[in-house]
Amino acid sequence: MTDTARNQRAGVPERPSLDGLEETWSRRWQEEGTYAFDRSKDRASVYAIDTPPPTVSGELHMGHVFSYTHTDTVARFQRMRGRAVFYPMGWDDNGLPTERRVQNVYGVRCEPALPYDPQWRPPATPVSDDARKNPIPISRRNFVELCTRLTGEDEQVFEALWRRLGLSVDWSLTYTTIGRRAQATSQRAFLRNLARGEAYQAEAPTLWDVGFGTAVAQAELEDRERPGAYHRLRFTIASPGIAGADPAVPDRTGPYVEIETTRPELLPACVALVCHPDDDRYAHLVGGTVRTPVFGVEVPVHAHPLAEPTKGTGLVMVCTFGDLSDVTWWRDLQLETRVVIGRTGRLLPEPPAGVDPVPYAPLAGRTVNAARRELVAMLTAAGDLVGEPKPITHPVKFYERGDSPLEIISSRQWYLRNGGREPELRAELLARGEELRWVPAHMRHRYEHWVGGLTGDWLVSRQRFFGVPIPVWYRLDDAGEPDYAHPLTPDESLLPVDPSSDTPAGFDEAQRGQPGGFTADPDVMDTWATSSLSPQIVGGWETDPDLFARVFPMDLRPQGQEIIRTWLFSSVVRAHLEHGVLPWRDAVLSGWILDPDRKKMSKSKGNVVTPMSLLEASGADAVRYWAANGRPGTDLAFDPAQIKVGRRLATKILNASKFALGLGAGGALRAEVTEPLDRAMLAGLGTVVGTATTTFDGYDHTAALQATESFFWTFCDDYIELVKERAYGSGPGADSARAALAIALSAQLRLFAPFLPYVTEEVWSWWRYGSVHQAPWPTRYELSQAARDGDPELLRLAGAALTQVRRAKSDRKLSMRTDVPLAEALGPAEVLEKLALVADDLRSAGRIAKLDLLPDRAPDLVIAAAF
């Protein structure tokens, strides 16, 4: 960039307009490197933001515009405060959402067993519904290439919208969560977790999404209300418990006991019945056994405090595995394992050990619903279904992006320790939460509730394709069985690696899958296992130590409140384990965007507004104004009327600035301010600067905007009207007015710059050098030097008097340019003494020929106008 380009001034246009500002200035900002990070600054002079990488498997919505605008106001404010702002943008492009989008867009599915076809080309889009229902199978590599292609296209669309919105991002710092840099960082962190014993592998009950065909983590669950039914089943008592063996304890149940379940299809997976330790109805059964209906399997009866005496019959069927309570009982009571549901969501072809294959045969291979219907029929025929099923509606666990209820299957997965099973680590992570500055403060309780309620470690492996590969191989023994206890790992210098195509040290490709050779871990990492390292990825951890020392730990993590349990917590875990610190100092949480009826916006409700069309219709400054009116953690309704207010404000900035500069303010910036009204205005502006600075430091951008906007309208409606006649003239009074206008315009443009970047940059370019976004933030000292001993009350008083004169003309339906032969000012003597200081400006603005001051004739200021 040349000095000429940096320093040129455009001059005031004849007809200023908001139209076209986005295209002009977004291009100029990029060309001139306005927001480029200055990496020569030391850490104390840097403000680093860990920006959320939005998922590019869908569309940006108004919620994104809302929260990212908040972050951008902070970035702009800090940059004007003299900080070198490290403000990257990332794209979260790997994981299940991307795979689902590729499947739907192209009508394909991944079949890992197929060979790579370099000649394969995707079908033209959009594809038909029939193509989606009958997808074309393609190899894993072809599928990954297709994911990469589509996310690349989506990222260009996202970037165009962000640029149009005016985010002051340094686009040279952009990263993707599937890029080589992110893969290497994720794999490096995983290998170090593994070396320290923080990552481990286990065969265990796993929450499983049958639609996506993968394990999911506790943090990705959501409850959805679904219809179901309670089925009352009759179990035969096989042997009494300890209490039941005592002749003094009567048999109060007869030869049978009854349980209620919503999942009778899991009867062949039953491993126990459980009651509460204080439930006297079943005390005589505890320690004994019962036989399951239909299958006749003898299972124990146990007492456990999680059983609810008031739910159903108070006696619970434990199956491996129906829900998370089953997993808890299975672990606590060390029960047997009888798995009947496989990864496809169908019942396994063979029954578990100890289950009669004859009654199981009609269930083999069936879906859960079909097996349920079949088993209910079998129970009815055997006389073991008591009464009719009772319809209910109950919460069912789903993967947050899935369409089918989750099952719990036994599978080998990778886990990362997160305090779910280690009280000491849990306490350390809770302490990190207390160390973090939360905005708003009450959001910390959500973090503490999540950490305190963890029931297990973080499951980080996924049985999918478009993700960061687990960087591990396994040696095969002479029988071809993998040695899971001693995984083979790569040297960090080789990262990133793909075990499905790369080979471990000491082996060659011919040994893949052969006895005595090796096999690759087939899984990829959970997308949060990469996103949780966003500070390390963009900061150059282990690849750019100089940069990392300047930006880490970072200053700000802005994000949605709904991902405290995922992105925020997982980032804290990774930084705590690897670096022993928080990844950032402050966390600012955004609220929800509501529709005009105060309902949360969502695609499913059909009330989503498309941001780009709104930006094109109303302008980015107007949309940013609406967004900035929402405070952190507070919900904001989408309000087109508020956007119109923002548009009107931006237009007023254009016009008022043109008028002030037309009075000669542009050349009077360093002239002396001598008149009382001018000093009063600047003193009031100094107070606004102090308020805006303090509230911005507290991440209350809304209060900063409100204080700035309120003063601006007073400046336009009162001050300019009061001084414009004087400013048109000559002499010391005119010079003072023009100087005050220049100082006020300069300060207000800088106060508005974080919110309305386009219009402020446009006006700044008319009369100042460089960019307003690189100009220093205004200070109270700066204003006080010009205002000296100015009294802000004078402007308020003069404005109130002028308002009364205007009202008198309006009540008589007269033009504001109508002359007033005589006006009398009544009020307390001390008030009129102040008014006398600005009387000349009041007479000029109100077109008053004669103004008489009549002290102590009224308790408050009254202006009586005679026509």
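Analyst: Welcome! Two strands pair if DSSP finds at least two bridges between them; a strand is a DSSP run of E (at least two residues) and a helix a run of H or I (at least four), numbered from the N terminus. This is a predicted model, where local features need pLDDT of at least 70, side-chain atom pairs count only at pLDDT 80 or more, and totals for chains, interfaces and linings use all residues. Residues are numbered from 1 along each chain as its sequence is written, and side-chain values use heavy atoms, leaving out hydrogens and water.

User: In β18, which residue is the bridge partner of L416?

Analyst: Strand β16 covers residues 407-416. Two bridges join β16 to β18 (residues 458-459), and these strands run antiparallel. In β18, the partner of L416 is W458.

User: How many residues of β16 are buried?

Analyst: Buried means under 20% relative accessible area, exposed over 50%, and partly exposed in between (1.4 Å probe, protein chains only). Strand β16 has 10 residues and is mostly covered. Its buried count is eight.

User: How far apart are the end C-alpha atoms of α7?

Analyst: Helix α7 (residues 180-195) is mostly covered, with 12 of its 16 residues buried; F190 and L191 are among them. The expected span is 1.5 Å times one less than the number of residues, so α7 should span 22 Å. The model agrees, as the end atoms lie apart by 22 Å.

User: Which residue just after α25 takes a positive phi?

Analyst: Helix α25 (residues 792-811) reaches 29 Å from its first C-alpha to its last, close to the expected 28 Å. Just after α25, a positive phi of about 55° is taken by K813.
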